[in-house]
Amino acid sequence: MVFKSKIKWIALLVLTLSLGSLVAHLSLTKFSSMNLVQYSAKDALSHDFPNIGSPGGRNKKLWGAVRSLESLQPYANPRNHYPVPYENNNVFIYAKIFGGFEKIRSSICDLVTISRLLNATLVIPEIQQSTRSKGISYKFKSFSYLYDEEQFIASLKNDVNIVKSLPENLKAAKRRNEFPTFKPQNSASPNFYIKEILPNLKKAKVVGLIITGGGCLQSILPPSMSEFQRLRCRVAFHALHFRSEIQILGRRMVERLRAWGQPFLAYHPGLVRDTLAYHGCAELFQDVHTELMQYQRAQMIKQGIISEELSVDSHLRRENGSCPLMPEEVGLLLRAMGYPSKTIIYLAGSQTFGGQRLLIPLRAMFPNLVDRTSLCSKTELSDLVGPEAPLPPDIFQIPRSKSEEQLKEEWNRAGPRPRPLPPPPDRPIYQHEKEGWYGWITEKEKEPDPSPMDLRMQAHRLLWDALDYIVAVEADAFFPGFNNDGSGWPDFSGLVMGQRLYERASSRTYRPDRRTIAALFNITRDDMYHPKHNWTLSAREHLNRSLSEDGLIRQSLLSKPSSFLSHPLPECSCRISSVEITKQIKDKDGIFLYGGEEECPKWMQSAGAEGIQNDDTELAEDDNDVVEQPESKGADVTSSLTSLIDHGEEWDPND
């Protein structure tokens, strides 16, 4: 009995102490809550950027203009006799454009040039990806979904007659398909239009063009047709304005990036399924993405687009520069250049084939990786799209289970290449799997037709690409992941680089040689995150050279033959005579690769020279204030990259 009573007293004491402790803690919480600091995202951001809200200093070695290119100025005005088009020519060209953002933009420029060549009136082209049948908002027509029609017509009134639609007496004949229709190649020559199209145009008064390859006129024209090249520049850089809602939101995004008080770099991965399949880069990816690329490549072989085997060595393609720089490699190159981990990087591109998984290494190296969803609210993006009709409900049925004989037959028919494993038993089928763009690959041999949601999302991607285009052109630096791919199609990065070259040639635009970069990474493949100092210096030297004349010469050789807008020199630029002119360089055919620009007119001389002088003054002042990166003291990028790896054992560059 005595033992039991002692236990009761001990239990009572413990209970009393616990109750007293609870009361004490509650009292402390009550009286100290008024001194707690509420978390603020802006305060956390200001920890990374102490100069937020005010312009901060910038390292000219990372963000400064390329001084050797400052003499180049934009000048696309006509320079010879250039008559105004005859208003009542009574012959019309209408066109349907297929493809994404970059193909649309390049095709429109070619259409205007052809209309000028044939002295025809251009009907505003129909963009097939943004027609009403794709489910876009009723507020917009095809062309006006992306561009400003009125600005387009007014800007080119001295170049080409443009109308919004055919006259009423010709619309009915068009519906009855009474007019000849042509499907020109993107490498069609001016002679093709003069000999083939012009006779039909004079006879029928109306000709239709179907454009699928991202253009309908060869990129490089004879020197005697330089005025047509300058017309292309006026269309792309002056007449093609996005509709006002896109421009306002795009400028707002740039302002929000500038409000952080730091320069920012724009990066476009260029990971597009069609281009990757064209070059045979499937083995660089994993799982279902490899299957999807192989299927797309097989379709291209059937259509005659490519004449190679289905399976190729993707690693050999990567070594010769035919495959893109992966985001992980771009991150390592930027760190080798000396960009700190707090650098703001804007991720451009409406889609990245391979998903967010590919961006994990880049995001680990540069946590301030942002995109349009980071800078814009859902309301802003939905307002840009406009009111849309609701789509029909998605009627989805779980596929019937297959018999054991069917599974064995499919496995034997699949061949030696690995296929994705089927889902484990009793696993629920999620919404993204039944609506996803890749869900069919495990069940069917043929890709299904796009659903209404897919068609609508294709139209939306035009808007997202337009926003990214505005930000990328205005960025302090631009780094392409995949341009000059050799496919002959225009690419997003090429268009951005061309406009940056036109508007301000000295802007910091990297033009890396992927073959050289691949060779550099092969040297340190087993030690990517601990590169030697010599490797860092080699990578830095190559990227710095790509910013200047060497990069422009290579761009002229590789990019201009497939897309004039990616390298509008020398036709659309001039040089300030007060600056020392670099040696002129020509190719074997006598075409200027660099230095063939004319002298700027007098009214541009004084303004351009004054701007360069101001830049030199700022450079001299900033050089005294620049604080070098820690790598300059011998630690190079190894120390900064090692700190990223040490935070977790899951970091494996081969994952």
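**H4 against H19.** I started with helix H4 (residues 101-118) and helix H19 (residues 452-474), whose axes come within 9 Å and cross at roughly 75°. That makes H4 roughly perpendicular to H19 (angles of 65 to 115 degrees count as roughly perpendicular, under 35 as roughly parallel, over 145 as roughly antiparallel, and the rest as oblique). For the axes I used lines fitted to C-alpha atoms, for helices over the stretch in contact, with angles running from 0 to 180 degrees between N-to-C directions. From H4, Phe101, Ile104 and Arg105 make the contact; from H19, Leu462, Asp465, Ala466 and Tyr469 do. Contact here means heavy atoms within 4.5 Å. Sorted by class, I get five nonpolar, no polar and two charged residues for H4 with H19. For the classes, Ala, Val, Leu, Ile, Met, Phe, Trp, Tyr, Cys and Pro count as nonpolar, Asp, Glu, Lys and Arg as charged, and the others, Gly among them, as polar.

**Ground rules.** I am working on a predicted model, where local features need pLDDT of at least 70, side-chain atom pairs count only at pLDDT 80 or more, and totals for chains, interfaces and linings use all residues. Residues are numbered from 1 along each chain as its sequence is written, and side-chain values use heavy atoms, with hydrogens and water left out. Helices (H or I, at least four residues) and strands (E, at least two) are DSSP runs, numbered from the N terminus.

**H4 against H8.** Next I looked up helix H8 (residues 226-239): its axis and that of H4 come within 9 Å and cross at roughly 135°. The two helices are therefore oblique to each other. On the H4 side I noted Arg105, Ile108, Cys109, Asp110, Val112, Thr113, Arg116 and Leu117, which meet Phe228, Leu231, Arg232, Val235 and Ala236 in H8. That contact has eight nonpolar, one polar and four charged residues.

S1 and S13 (residues 573-575) pair in the antiparallel sense over three bridges; two strands pair if DSSP finds at least two bridges between them. Leu72 stands opposite Arg575 in S13.

**Whole chain.** I count 25 helices and 16 strands in the chain. Buried residues (under 20% relative accessible area, 1.4 Å probe, protein chains only) make up 49% of the 655 residues.

Technical notes
Buried means under 20% relative accessible area, exposed over 50%, partly exposed in between (1.4 Å probe, protein chains only).
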